[in-house]
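Work through the exercises below on salt bridges. Try each task before you read its solution.

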Amino acid sequence: MADAMEMMILSILAPQLHCEWRLQSWQVAFLTSVVFFGMMASSSLWGNISDQYGRKTGLKISVLWTLYYGVLSAFAPVYSWILVLRGLVGFGIGGVPQSVTLYAEFLPMKSRAKCILLIEVFWAIGTVFEVLLAVLVMPTLGWRWLLILSAVPLMIFAIMCFWLPESARYDVLSGNREKAIATLKRIATENGVPMPLGKLIVSRQEDRGKIRDLFTPQFRWTTILLWFIWFTNAFSYYGLVLLTTELFQAGDVCSVSKGTKGKESQCSLECKYLTVTDYTDLLWTTLSEFPGVLVTLWIIDRLGRKKTMALSFFVFSFCSLLLFLCIGRVALTVFLFIARAFISGGFQAAYVYTPEVYPTATRALGLGTCSGMARVGALVTPFVAQVLLESSTYLTLTVYSGCCIFAAVASCFLPIETKGRGLQEFSHREWGQEMIGRGAHISTQVARSHSGSQE
């Protein structure tokens with residue numbers, strides 16, 4: 001939720017500073033790009049920290065970093081200061097996806113997809129909350145107070161981190177057997193159930209958080225394909241957000257391609273303050289992500305992770321091609337709504353799949369590098385959705401549609417389908433199995449794990 005609020009604030013802050021500080025268009029665009037650059041630069045670093053020193057440690061540091069610079073940016077006196085401070089905020093946000101790593105390592109196999117998808121609902125809630133907060137704060141207190149109040153969820157999380165447990169899977173891998181058992185006992189006590197039978201064994205220690213482990217023969221192809229999938233997800237998602245404003249202002253694609261917007265946007269110093277109508281449009285576009293979550297939730301355990309991602313990319317590509325038609329505003333809104341719902345659903349499916357496919361030793365780094373590639377996509381997309389759009393609308397739509405077709409194919413070619421599989425613990429083993437029962441089931445599962453069963 002805090003992550004979404006810090007990202008959503010960019011679309012509210014940019015036009016305000018454009019008017020208040022008389023910024024040129026490239027300066028406004030750079031204010032957005034510097035946040036994504038910070039996220040891109042730090043994603044792998046936070047993943048490495050989480051694999052080396054613990055999921056909770058990496059997450060706490062990134063949250064405190066984001067909170068500090070988020071509040072500090074409210075006191076920026078000039079453009080150069082806010083540029084640097086928002087870049088540092090982006091650097092901290094790069095560690096937020098590690099919350100998914102920590103969360104996934106606590107979830108049982110049968111509930112993992114559903115729970116990770118439901119936590120993504122809070123992204124949509126965060127964007128809606130930020131818009132509502134802006135409606136209340138901007139007309140009276142201004143953008144500085146909006147920045148301060150937007151950091152409140154981070155402050156709440158920082159306080160509640162004292163309650164947050166470390167991943168028991170990570171503790172086992174790092175040799176802290178007693179700490180892992182204490183966490184498991186706490187879970188059993190809070191759920192009112194007895195501890196499972198059996199003995200917790202710490203296997204041999206492995207190097208953790210090494211980038212080369214992502215390119216071992218077992219994971220090389222998976223890593224390359226996932227990087228492209230995450231890049232395309234962010235490239236298409238943020239591209240659609242930017243395109244939506246342009247298309248709504250023009251009425252349809254044909255109007256944009258004919259240049260009917262005229263010369264009114266040529267002056268780089270021309271500015272418009274956001275109105276209540278603008279905030280309402282932002283709300284409506286954001287609401288499309290709720291059905292996206294529900295559709296993905298319904299199909300991900302039926303079709304599997306790979307097919308869900310492929311379907312999301314294909315539907316987005318198809319809706320992009322339908323925009324070639326000279327359609328009215330209502331049809332335009334429907335196609336944009338469906339496209340955004342599915343591309344956000346594909347993003348959520350990638351968040352489910354990525355922690356499942358990597359072993360515990362490299363899980364946080366794997367997710368971090370994928371998140372970093374997503375930020376590269378977010379950095380590139382303004383040059384397509386805004387710069388290329390001025391030259392050719394149809395070429396712009398073709399780029400997004402074609403990229404998603406390739407991503408759909410990449411999703412189908414992923415070597416491993418993680419539906420119904422336990423989280424892998426060690427990179428030197430094949431797929432691990434989760435303990436799904438007690439008593440009579442334990443001996444069976446021990447036998448299977450020793451025989452290397454892939455069931």
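Buried means under 20% relative accessible area, exposed means over 50%, and partly exposed lies in between (1.4 Å probe, protein chains only). This is a predicted model: local features need pLDDT of at least 70, side-chain atom pairs count only at pLDDT 80 or more, and totals for chains, interfaces and linings use all residues. Residues are numbered from 1 along each chain as its sequence is written, and side-chain values use heavy atoms, leaving out hydrogens and water.

**Exercise 1.** Find how many salt bridges the whole structure holds.

Solution. Start with the rule: a side-chain nitrogen of Lys or Arg lies within 4 Å of a carboxyl oxygen of Asp or Glu. A search of the whole structure then gives four salt bridges.

**Exercise 2.** Trace the salt bridges of Arg-305.

Solution. Step one: Arg-305 is buried, with a relative accessible area of 1%. Step two: Arg-305 meets Asp-301 at 2.7 Å, N to O. Asp-301 is partly exposed, at 34%. Step three: Arg-305 also bridges to Glu-356, at 2.9 Å, N to O. Arg-305 belongs to helix 16 (residues 305-322) and Glu-356 to helix 17 (residues 329-357), so this pair ties together parts 51 residues apart in sequence. Glu-356 is buried too, like Arg-305.

Terms used: Helix = DSSP H or I, 4+ residues; strand = E, 2+ residues; numbered from the N terminus.
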